[in-house]
Amino acid sequence: MFAVYASAANPNDPTAGLLIGERPEPSVPDGWVRVHVKAASLNMHDLWTLRGVGIKADAFPMILGCDGAGVLDDGTEVVIHPVINAPGWRGDETLDPKRTLLTERHQGTFADSVVVPEGNVVAKPTELSFVESAALGTAWLTAYRMLFVQAQVRPGQTVLVQGSSGGVATALIQLASAAGVRVWSTGRTEEKRALATTLGAHATFEAGTRLPERVDAVFETVGKATWSHSLKSLRPGGALVVSGTTTGADPSADLQRVFFLQLRVLGSTMGTRQELIDLISFLRLHDIRPQIGLTLPLPEAAAGFAAMQEGNTAGKIVFTR
């Protein structure tokens, strides 16, 4: 079958290991299902896989792609929940110490088909296209959990989204705005800030700008470059929720500020299957369409990886079959 895959890890030049071609058709173990992929979205996790982060050397070659949407053998349209749990795990899927994401141990979605446990598919919303639905399993689910589970934001509060054009950032802006939250966002360029405004941000700022007032929560996917600004932007007792570190994972912790202002620093990874179902219900209720910045046929996936690596994003990058 046709696939986009990583041949080996290359920490310094990740796309050097990116290959496009034929891979073996997957077998379907008992309790698993085959999804014929219609669309799959690109995530930073795919670049980390190409760098060798979160994957063992003997797992290569690995088909990339954490999430997507497609049809089962019987024609049922589905969205994939990418968190694969250990057999017998019960409870919050994200807290399973043996959990993996697609592309860490199991082959991913950038292919004609992918196999996943039957519990890892949910009904695709009829209101969304396959391209839009392909954005839900990772970026949008991550944003939903950051906002409503970890930070527990409420209507009327003010939040800051660090960044304004990536997949998680655009999802945070759209979800929070629809929930009645005042949304502020930072962006490196005028174009990126304009996109945030279009998506529902109430005010935008250049990166690092001092805000008019402190906020109830800050949402971080950037890491080292914005961490200090995030902490300084919080009101006493506020929450900083982090789900990524694209610019580095080792900023100054500024612990004196953390304990003196009683700030809450919360990690967040993906979301549960039930949260994915709740996210879909929320999108239906508010008639929200995920922001898609670039759609490419899967054979042109290299251009999508280049755009993500260079930071040329305006929402999700999605590959189609």
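I searched the whole structure for salt bridges and found 12, counting a pair when a side-chain nitrogen of Lys or Arg lies within 4 Å of a carboxyl oxygen of Asp or Glu. I note at once that this is a predicted model, in which local features need pLDDT of at least 70 and side-chain atom pairs count only at pLDDT 80 or more, while totals for chains, interfaces and linings use all residues. Residues are numbered from 1 along each chain as its sequence is written, and side-chain values use heavy atoms, with hydrogens and water left out.

**Entry 1: salt bridges**

I looked up Lys124 and found that it forms a salt bridge with Glu77, with 3.6 Å between the closest N and O atoms. Lys124 sits in the loop between strand S10 (121-123) and helix H2 (130-133), and Glu77 in strand S6 (residues 77-80), so the pair ties together parts that are 47 residues apart in sequence. For these elements I used DSSP runs numbered from the N terminus, with helices being H or I of at least four residues and strands being E of at least two.

Is Lys124 buried or exposed? Lys124 is buried, with a relative accessible area of 8%, whereas Glu77 is partly exposed at 35%; buried here means under 20% relative accessible area, exposed over 50%, and partly exposed in between, with a 1.4 Å probe and protein chains only.

I then turned to Asp250, which forms a salt bridge with Lys224, the closest N and O atoms again being 3.6 Å apart. Asp250 lies in the loop between strand S15 (234-242) and helix H7 (255-260), and Lys224 in the loop between strand S14 (215-220) and helix H6 (227-232), so this pair ties together parts that are 26 residues apart in sequence. Asp250 counts as exposed at 53% relative accessibility, while Lys224 counts as partly exposed at 44%.

I also noted a salt bridge between the side chains of Arg257 and Asp254, at 3.1 Å from N to O. Arg257 is partly exposed, with a relative accessible area of 23%, and Asp254 is partly exposed as well, at 27%. Asp92, Arg145 and Glu275 are linked in a network of salt bridges.

**Entry 2: the parallel sheet**

In what order do the six strands of the open sheet stand? I read the order as S13-S12-S11-S14-S15-S16, with parallel pairing; two strands count as paired if DSSP finds at least two bridges between them. Strand S13 (203-206) and strand S16 (264-267) stand at the edges with a single partner strand each, so one side of each is left without a neighbour in the sheet. On average, neighbouring strands of this sheet are turned by 20° against each other, direction ignored.

Within the sheet I checked strand S11 (residues 158-161) and strand S12 (residues 182-187), which pair in the parallel sense over four bridges; Thr158 has Arg182 in S12 as its bridge partner. Helix H5 (residues 190-199) lies across S12 and S13 and runs at about 165° to S13. Axes for such angles are lines fitted to C-alpha atoms, for helices over the stretch in contact, and angles run from 0 to 180 degrees between N-to-C directions.

I looked up Val318 in strand S18 (residues 316-320) and found it buried, with a relative accessible area of 0%. Leaving aside neighbours within four places in sequence, Val318 is in contact with several residues, among them Ala39, Val131, Ile292 and Leu296, where contact means heavy atoms within 4.5 Å. Val318 and Gly68 are 250 residues apart in sequence, yet 8.9 Å apart in space from C-alpha to C-alpha.

Leu47 is in helix H1 (residues 44-51) and counts as buried at 1% relative accessibility. Not counting residues up to four places away in sequence, Leu47 touches Pro14, Thr15, Phe305, Met308 and Gln309.

**Entry 3: the whole protein**

I counted nine helices and 18 strands in the secondary structure. Buried residues make up 54% of the 321 residues, and residues 24 or more positions apart account for 70% of the contacts with a separation of 6 or more. The C-alpha atoms fill a box of roughly 55 × 45 × 40 Å, taken along the principal axes.
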